[in-house]
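Here is a short report on one chain, for reading beside the model. Keep the sequence and the structure in view.

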Amino acid sequence: MGTPQFPDLGKHCSVEDCKQIDFLPFTCDRCHLVYCLEHRSYIKHHCPKADKKDVTVVICPLCAKGVRLIPDEDPNITWEMHVNTECDPSNYDKVTKKKKCPVPGCREVLTFSNTIKCRDCTLDHCLKHRFGPDHKCPGPKKSDPGFPFMGLLSRSRKESKTNQAPATSSSKWATSFLNAASTVRASAEAGMTKLGSEISQKLQIARDGVGLSSSGGRSNGNAGQVEECPQCGAKFSSVTTLVDHVEKVHERNNQSRVFKMSIDVCPKCSKGFRDPVALVEHVERDHGGTSKA
């Protein structure tokens, strides 16, 4: 075997009926024997250890998962271990039943490349029924009308539509400013009304006291009684003096408070307005709804 220069060149096939010398022999990775080109496969030389590294996978009929059988282990033990540990029957429908288009009569299977999610109903559809009219889309979900914030939001939207300006951002600013001005004006009017009613009530009480004192105050001996102002706490010897004090001091101050109003200036044309609502209407009408200079 071999040549004088290479005495170890070539080997005989390990098959008894062959024994052919091969200068490029094949060594089996299972039984580690040498074979020729014809008997190099496991089946041709009937390798007794061919199944040690063989990979066999059985599909579980309960969960549709693959179960790998171990060569040196009983298949029944491997199957029982799978059933007791990782078998999940709920996974069977996910694997076997493929997702289809929800449109009645459409049998298109939804895959990664042909699935479109509708922005309104958030459902997956095929490419054929991706538009709303094609799958009879009910539209976006309506908000709960019982929630108070949603009513306020819808009302503000209606107001913004009626008072719509050329610029959308400017109309939103004008609407919010109008609401704030109306709230401040209403609270100011309520406070001044309450203050005026209190002053009128105090004056009426003082005048009633003057009538009583003039009719029978002297006969009852109440000349030395001291009267106190309910506003500033000043003391007077008679009710008449107290009434004069209230009319001259406190009523004049209250009138000055009532008629003292702040003037809001337009940032575009520097025009003054006493009413904030009038300022907002001026900005929307004359300046296109924007307050930026």
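## Salt bridges

A salt bridge here is a side-chain nitrogen of Lys or Arg within 4 Å of a carboxyl oxygen of Asp or Glu. The model is predicted. A search of the whole structure turns up three salt bridges. In one of them, Arg 30 pairs with Asp 29 through their side chains, at 2.9 Å from N to O. Arg 30 is buried, at 14% relative accessibility. Asp 29 is partly exposed, with a relative accessible area of 42%.

Asp 124 and Lys 99 form another salt bridge, with their closest N and O atoms 2.9 Å apart. This pair links distant parts of the chain, 25 residues apart. Asp 124 sits in strand β8 (residues 124–125), and Lys 99 in the loop between α2 (91–96) and β7 (116–117). The side chains of Arg 285 and Asp 286 also meet in a salt bridge, at 3.5 Å from N to O. Arg 285 is exposed, at 59% relative accessible area. Asp 286 counts as partly exposed, at 44%.

## Cysteines

How many disulfides does a search of the whole structure find? The count is zero. Cys 87 is in no disulfide: the nearest cysteine sulfur belongs to Cys 63 and is 3.8 Å away. Cys 87 is buried, with 19% relative accessible area.

Cys 101 is likewise in no disulfide. Its nearest cysteine sulfur is that of Cys 126, 3.6 Å away. Cys 101 is buried, at 5% relative accessibility.

His 82 lies in helix α1 (residues 75–85). Is His 82 buried or exposed? At 2% relative accessibility, His 82 counts as buried. Its side chain makes a polar contact of 3.1 Å with the side chain of Glu 86.

Leaving aside residues up to four places away in sequence, His 82 touches Cys 60, Cys 63, Val 67 and Cys 87.

## Positive phi angles

Lys 19 is not a glycine, yet its phi is positive, at about 55 degrees. Lys 19 lies in the loop between β1 (11–12) and β2 (21–22). Its relative accessible area is 40%, so Lys 19 is partly exposed.

Ala 64 also has a positive phi without being glycine, with a value near 65 degrees. The loop between β5 (56–59) and β6 (66–69) holds Ala 64. Ala 64 is buried, at 18% relative accessible area.

## Confidence

The chain has an average pLDDT of 75, and 71% of the residues score at least 70. Among the elements of the chain, strand β4 (residues 34–35) has the highest mean pLDDT, 93. Helix α3 (residues 148–162) has the lowest, 55.

Over residues 145–149 the pLDDT is below 50. Beyond near neighbours in sequence, that stretch has zero contacts in the model. Residues 213–223 also stay under 50. For residues 213–223 the model has four contacts beyond four places in sequence. Where pLDDT is low, the predicted coordinates should not be read in detail.

Notes
Residues numbered from 1 in each chain as written. Predicted model: local features only at pLDDT ≥ 70, side-chain atom pairs only at ≥ 80, totals over all residues. Heavy atoms only, no water. Disulfide = S-S within 2.5 Å. Buried < 20%, exposed > 50% of the residue type's maximum accessible area, 1.4 Å probe, protein only. pLDDT = per-residue confidence, 0-100. Helix = DSSP H or I, 4+ residues; strand = E, 2+ residues; numbered from the N terminus. Contact = heavy atoms within 4.5 Å. Polar contact = N/O pair within 3.5 Å; in protein donor to acceptor, adjacent residues only side chain to side chain.
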